[in-house]
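Trainee: Could we go through this structure together? I would like to begin with the terms.

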Amino acid sequence: MKIVLQVVKNASVTIEEKLYSSIEKGYLLLVSFKEGDNEEIAEKMAQKIVKLRVFLDENGKTNLSLADVNGSILSVSQFTIYADLHKGNRPSYVTCLKGELASPLYDYFNSCLKKLNVETKTGVFGADMKVNLVNDGPYTLVLDSDELGF
């Protein structure tokens, strides 16, 4: 499982030219799954994200968590994060988890975030979404379950 996390002042998802969901201060998560990912990994990733301390405290140090700043999450599925670019110039998606398995895992991941008492809004799995954001910092992290040992 791989997530691109962006600290945002605000973010939104528009589908078919209609605002679908939006947040103010918090995280925009671009979420992707590969073969072998499961609910245990999704839970660990959710816990890691909620516990991250990346917001500035009164001394300008990244010591505050999402809860400390009353932040929210906008979670957007994005299978292209696992694109393979080793051969040629056209991305291959053979390592991505198939949609019929990734969709329920994405839903499970979002439910884990909500169970951790974080306001979590989402996009729509598989939809053509337009994502808007105001990146704060900018501050962007890539969380890879393999690199984190999950």
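Mentor: Let us begin with exposure: a residue is buried under 20% relative accessible area, exposed over 50%, and partly exposed in between, with a 1.4 Å probe and protein chains only. Glutamate 16, at a relative accessible area of 72%, is therefore exposed.

Trainee: What kind of model is this, and how are residues numbered?

Mentor: This is a predicted model, in which local features need pLDDT of at least 70 and side-chain atom pairs count only at pLDDT 80 or more, while totals for chains, interfaces and linings use all residues. Residues are numbered from 1 along each chain as its sequence is written, and side-chain values use heavy atoms, with hydrogens and water left out.

Trainee: How many helices and strands are there?

Mentor: The protein chain has 2 helices and 8 strands. Helices (H or I, at least four residues) and strands (E, at least two) are DSSP runs, numbered from the N terminus. Their order from the N terminus is β-β-β-α-β-β-β-α-β-β.

Trainee: And what about the overall dimensions?

Mentor: The radius of gyration of the protein chain is 15 Å, which agrees with the value near 15 Å for a compact globule of 150 residues. That radius is taken over C-alpha atoms, and the globule rule is 2.2 Å times the number of residues to the power 0.38. Along the principal axes, the C-alpha atoms fill a box of roughly 45 × 40 × 30 Å.

Trainee: What share of the residues is buried?

Mentor: Buried residues account for 43% of the 150 residues. The protein chain exposes about 8,600 Å², of which carbon and sulfur atoms supply 48%. Those areas come from the Shrake-Rupley method with a 1.4 Å probe; for residues, only the protein chains shown count as cover.

Trainee: What share of the contacts joins residues 24 or more positions apart?

Mentor: Among contacts with a separation of 6 or more, 73% are between residues 24 or more positions apart. Contact means heavy atoms within 4.5 Å.

Trainee: Turning to the strands, is E3 enclosed or open, and why?

Mentor: Strand E3 (residues 26-32) is largely enclosed by the rest of the structure, because 7 of its 7 residues are buried.

Trainee: Which strands does E3 pair with, and in what sense?

Mentor: E3 pairs with strand E1 (residues 2-15) in the antiparallel sense over 7 bridges, and with strand E6 (residues 72-77) in the parallel sense over 6 bridges. Two strands pair if DSSP finds at least two bridges between them.

Trainee: What about the hairpin of E4 and E5?

Mentor: Strands E4 and E5 pair in the antiparallel sense over 3 bridges, and phenylalanine 55 has leucine 64 in E5 as its bridge partner. The hairpin has 5 residues between the strands, and glycine 60 takes a positive phi near 80° there. Lysine 61 is also in the loop between E4 (53-56) and E5 (62-65). Lysine 61 is exposed at 51% relative accessible area, and touches Phe55 and Leu56, not counting residues up to four places away in sequence.

Trainee: Which residues other than glycine have a positive phi?

Mentor: Among them are glutamate 16, with phi near 50°, and asparagine 117, with phi near 65°. Glutamate 16 lies in the loop between E1 and strand E2 (18-23). Asparagine 117 lies in the loop between helix H2 (99-115) and strand E7 (120-122), and counts as exposed at 75% relative accessibility.

Trainee: Where is the cis peptide bond?

Mentor: The cis bond runs from glycine 137 to proline 138, with omega near -5°. Proline 138 is in strand E8 (residues 129-144).

Trainee: Changing topic to methionine 45: is it buried or exposed?

Mentor: Methionine 45 is buried, at 0% relative accessible area, and lies in helix H1 (residues 39-51). Leaving out residues up to four places away in sequence, methionine 45 touches several residues, including Ile3, Phe109, Leu143 and Asp144.

Trainee: And what does aspartate 144 touch?

Mentor: Apart from neighbours within four places in sequence, aspartate 144 is in contact with Met1, Lys2, Met45 and Tyr82. Aspartate 144 lies in strand E8 and counts as buried at 9% relative accessibility.
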